[in-house]
Amino acid sequence: MKRDILSVTENMSRFYIKWFCHFLYYFTNNDVLNEMRKYEKKHVPVILCTAAPSCYADVFAERFSFSYVFSSGSVFDSLWKENIGEEKWESVRAYYGNDIVLECVITDHHDDLPLLLRAKKRVLVKPSKDTIDKVKGYIDFEVL
């Protein structure tokens with residue numbers, strides 16, 4: 001079902017996608033942006049690693065100074081994979097190499113545990129009880 005819904009939205013004009021992303025900016029968490037800025041000031045690459053399709057993620061990311069964006073590809077690709085869970089780690093590792101050091105991972109969901117396990121600092125943003133229960137005992141984390 002998700003793939004079917006994405007196939008409809010992926011065909012939207014760039015105007016509507018930009019409008020949607022502009023709307024999303026109003027809901028961007030300022031605490032997350034402040035955390036990102038700490039790393040930008042140190043010249044540490046800041047990446048967006050999301051399950052969102054690239055047609056949205058790339059437009060959304062234009063407003064910020066991400067070094068790179070990892071997102072789900074087009075659902076029209078027969079080899080489509082959602083960039084989620086272990087797939088996120090694989091996309092980062094494939095681009096940066098096996099010796100990549102993740103200084104900080106900021107997330108709101110336990111699906112990012114593969115990234116969280118490899119990070120020096122872990123920040124959970126308004127995590128649900130389910131997310132806290134699933135990561136507790138595996139990692140130390142801060143909550144925003």
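Colleague: Which element gives the most to the lining of the second largest pocket?

Modeller: Strand 2, with five residues. Keep in mind that this is a predicted model.

Colleague: How much space lies in the second largest pocket?

Modeller: About 170 Å³. It is lined by 15 residues, and Ser-71, Ser-72, Gly-73, Lys-81 and Glu-87 are the closest to its centre. Strand 2 (68-72) and helix 5 are the elements that give two or more residues to that lining.

Colleague: How does that lining divide by class?

Modeller: Five nonpolar, six polar and four charged residues.

Colleague: Now the largest pocket. How much space is in there?

Modeller: About 1,400 Å³. The lining has 43 residues. Nearest the centre are Ile-47, Leu-48, Cys-49, Thr-50 and Ile-106.

Colleague: And the classes of the residues lining the largest pocket?

Modeller: The lining divides into 32 nonpolar, five polar and six charged residues.

Colleague: Which element has the largest share of that lining?

Modeller: Strand 1, with seven residues. Several elements supply at least two residues each, among them helix 2 (14-25), helix 3 (30-41) and strand 3 (102-107).

Colleague: Switching topic. How many salt bridges do you count?

Modeller: Eleven. One of them pairs Glu-62 with Arg-14, the closest N and O atoms being 3.0 Å apart.

Colleague: What does the Glu-62 and Arg-14 pair tie together?

Modeller: Glu-62 sits in the loop between helix 4 and strand 2, and Arg-14 in helix 2, so the pair ties together parts that are 48 residues apart in sequence. Arg-14 is partly exposed, at 47% relative accessible area.

Colleague: What about Arg-118? Which residue does its side chain meet in a salt bridge?

Modeller: Glu-86, at 3.7 Å from N to O. That pair also links distant parts of the chain, 32 residues apart. Arg-118 is in the loop between helix 6 (113-116) and strand 4 (119-124), while Glu-86 is in helix 5.

Colleague: How accessible are those two?

Modeller: Arg-118 is partly exposed, with a relative accessible area of 35%. Glu-86 is partly exposed at 40%.

Colleague: And Lys-129 with Asp-133: what is the N to O distance?

Modeller: 2.8 Å. Lys-129 and Asp-133 are four residues apart in helix 7, so about one helical turn separates them.

Colleague: Is Lys-129 buried or exposed?

Modeller: Exposed, with a relative accessible area of 62%. Asp-133 is partly exposed, at 39%.

Colleague: Which residues do shared partners join into one network?

Modeller: Glu-35, Lys-38, Lys-121 and Glu-142, through salt bridges.

Conventions. Residues are numbered from 1 along each chain as its sequence is written. This is a predicted model: local features need pLDDT of at least 70, side-chain atom pairs count only at pLDDT 80 or more; totals for chains, interfaces and linings use all residues. Side-chain values use heavy atoms; hydrogens and water are left out. On a 1 Å grid over the protein atoms alone, a cavity is a set of points where a 1.4 Å probe fits but cannot get out, and a pocket is an open set with protein on both sides within 12 Å along at least five of seven lines; lining residues have an atom within 4 Å of a point. Grid points are joined across faces, edges and corners, and a volume is the space filled by probe spheres set on the points. Ala, Val, Leu, Ile, Met, Phe, Trp, Tyr, Cys and Pro count as nonpolar, Asp, Glu, Lys and Arg as charged, and the others, Gly among them, as polar. A salt bridge is a side-chain nitrogen of Lys or Arg within 4 Å of a carboxyl oxygen of Asp or Glu. Buried means under 20% relative accessible area, exposed over 50%, partly exposed in between (1.4 Å probe, protein chains only).
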